[in-house]
Amino acid sequence: MEPRGLGDRLGGFVAVVVVVLVSTLVVNVSGNLVFPVSHKFNGREGASLSELKAHDHRRHARFLGATQNAVDMFLGGSGLQTGLYFTKLGIGNPSHDYYVQVDSGSNLFWVSCAECGKGCPDRSELKGVKLTLYDRNSSSTSKVVSCGDNFCTSPSIKEISDCKPDEKCNYHFEYEDKDKTSGYFVKDDVQFQKASGNFQTSFTSGSVIFGCGTQQSGNLNDPRAAVSGVIGFDQQNTTMLSQLAAAGKVRNKFAHCLDSTKQGGGIWAIGEVVEPKMKYTSPIVSNQSSYNIVVEKIEVGSDVIELPTSDGGVLDETSGSSSDQIIAVFDSGTTLAYLPPKLHEPIVKKILATEPGLKFKKIDNGMHPCFEYSKNIDEKFPIVKFTFKNSASLWVYPHDYLFWNDGAWCHGWMKSAGEDPDILLGDMTLSNKLVVYDLENQVLGWVDHNCK
């Protein structure tokens, strides 16, 4: 089955999501800012298990070491191996549309610029996605950011810039998978829709500093997954979210509601989400760029899994000492879930033991053991329950961690490489939930929710 791209969804999927957005995610919130987002895998059935793991492998390499306003983006896309979510933004005055990848594992926001020429992708095979080069000379509100600007002297930017006095604030950014982007920073208007909470929308804009990319390399130029740029959402103070929050446009929070059905997609909201209320919250581990929380217990059905101890642990900011704590990283850009070897074996063993006599078959040239099964998976297989600090529980149902692949059911619990003690929870475990990243109060929150 060929995955449907954004172009296939614009007429139907996005129109449906607009209704969901106004009626469920952001009711009773005044002044919401809105823009659309898409999902490249079109649900997990849009790619093989090997493709999902290949995406995650690249994804992991790309990790970089006020008001009630909110920005909401709709998720959709088609199945390829690079990047997972992308959104369409309006930039400049007059405004032009740009498709950019959404990345919670980095802080930089950049788009390919007119000066790029052959150094940037010139076409995309994603249906409905037209690549646009940003031309600052055609925007009346565009300004070049100088090396003396406070943005350029911030620690996270100084790490990627070799600025000299009286010059443009430049950047040279290399991901660990060797993809590179370089250029200079500009400031311009970014357009959003504004939902007032009474089912009405209008347009507004915010002035944001972002990278004007003049050279890209590696998979950033691959036409199979090419978009016009990347927008980062980690915890550093140079992200678009941090800039909008500092300007009073949004609260310093974002949320997503991911749909794991065949349609895929969902909603990504920036700023305040008042409804539905969060059922669980857990504190974010301090001084980390990614979104990490402490695991206190894991259960498979009624069985409690023994948590392994680690030599290093994490720093306890209260006492200043390290302790043996298991950390879970929330990352919607990862597709599956990754467990350290000492947790992977007992969890998978407990899951499969609930239904003896399964007939296994090898998928993707024998790389992945999957099984044939004709009964209702939610009735026969156990719920996996993670309990975090504050007694915050996250339930992962069989329909979340099992998916149909090449005539068999495969589970998405993958073994982490090496001896990494951390748990990485991708959208397999975060889907069908509204997950809120509250940077103001340094907590993660979530509640089960219909994300279609």
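Mentor: Here is a quick tour, starting with the overall picture and then going into single elements. This is a predicted model, where local features need pLDDT of at least 70 and side-chain atom pairs count only at pLDDT 80 or more, while totals for chains, interfaces and linings use all residues. Residues are numbered from 1 along each chain as its sequence is written, and side-chain values use heavy atoms, with hydrogens and water left out.

Trainee: OK, how many helices and strands are in the protein chain?

Mentor: The protein chain has 9 helices and 30 strands. Those are DSSP runs numbered from the N terminus: helices are H or I with at least four residues, strands are E with at least two.

Trainee: And what share of the residues is buried?

Mentor: 58% of the 452 residues in the protein chain. Buried means under 20% relative accessible area, exposed means over 50%, and partly exposed is in between, with a 1.4 Å probe and protein chains only. The chain exposes about 18,500 Å², and carbon and sulfur atoms supply 48% of that. Those areas come from the Shrake-Rupley method with a 1.4 Å probe, and for residues only the protein chains shown count as cover.

Trainee: Which residues have the most contacts inside the largest nonpolar core?

Mentor: Phe 109, Phe 330, Phe 388, Trp 413 and Ile 423, in a core of 67 residues. A nonpolar core here is a set of buried Ala, Val, Leu, Ile, Met, Phe, Trp, Tyr and Cys residues joined through side-chain atoms within 4.5 Å. Apart from it lies another core of 14 residues, with Leu 108, Cys 152, Tyr 171 and Phe 185 among them.

Trainee: Let's stay with Phe 388. What is it in contact with?

Mentor: Leaving aside neighbours within four places in sequence, the contacts of Phe 388 include Ile 293, Val 295, Phe 330, Leu 394 and Trp 446. Contact means heavy atoms within 4.5 Å.

Trainee: Now the strands there. How do β23 and β24 pair?

Mentor: β23 (residues 384-388) and β24 pair in the antiparallel sense over 5 bridges. Two strands pair if DSSP finds at least two bridges between them. Thr 387 stands opposite Ser 393, and Val 384 has Val 396 as its bridge partner in β24. The two strands form a hairpin with 3 residues between them, and Asn 390 in the turn has a positive phi of about 75°.

Trainee: Which strand pairs with β23 over 5 bridges besides that?

Mentor: β15 (residues 291-300), again in the antiparallel sense. There, Val 300 is bridged to Val 384. As for cover, 4 of the 5 residues of β23 are buried, and 4 of the 5 in β24 (residues 392-396) are buried too.

Trainee: Switching to helices. Where are the buried residues of α6?

Mentor: They are Leu 343, His 344, Ile 347, Val 348, Ile 351 and Leu 352. Seen down the axis of α6, they fall within an arc of 140°, so they line one face of the helix. The arc is that of the directions from the helix axis to the C-beta atoms. The face turned away from the buried side carries the exposed residues Lys 342, Glu 345, Lys 349 and Ala 353.

Trainee: Why would the residues repeat like that?

Mentor: An α-helix has 3.6 residues a turn, so residues three or four places apart point the same way.

Trainee: Last one: is Ser 182 buried or exposed?

Mentor: Ser 182 is buried, with a relative accessible area of 17%. Ser 182 is in strand β9 (residues 180-195), and its contacts beyond four places in sequence include Tyr 171, His 172 and Cys 212.
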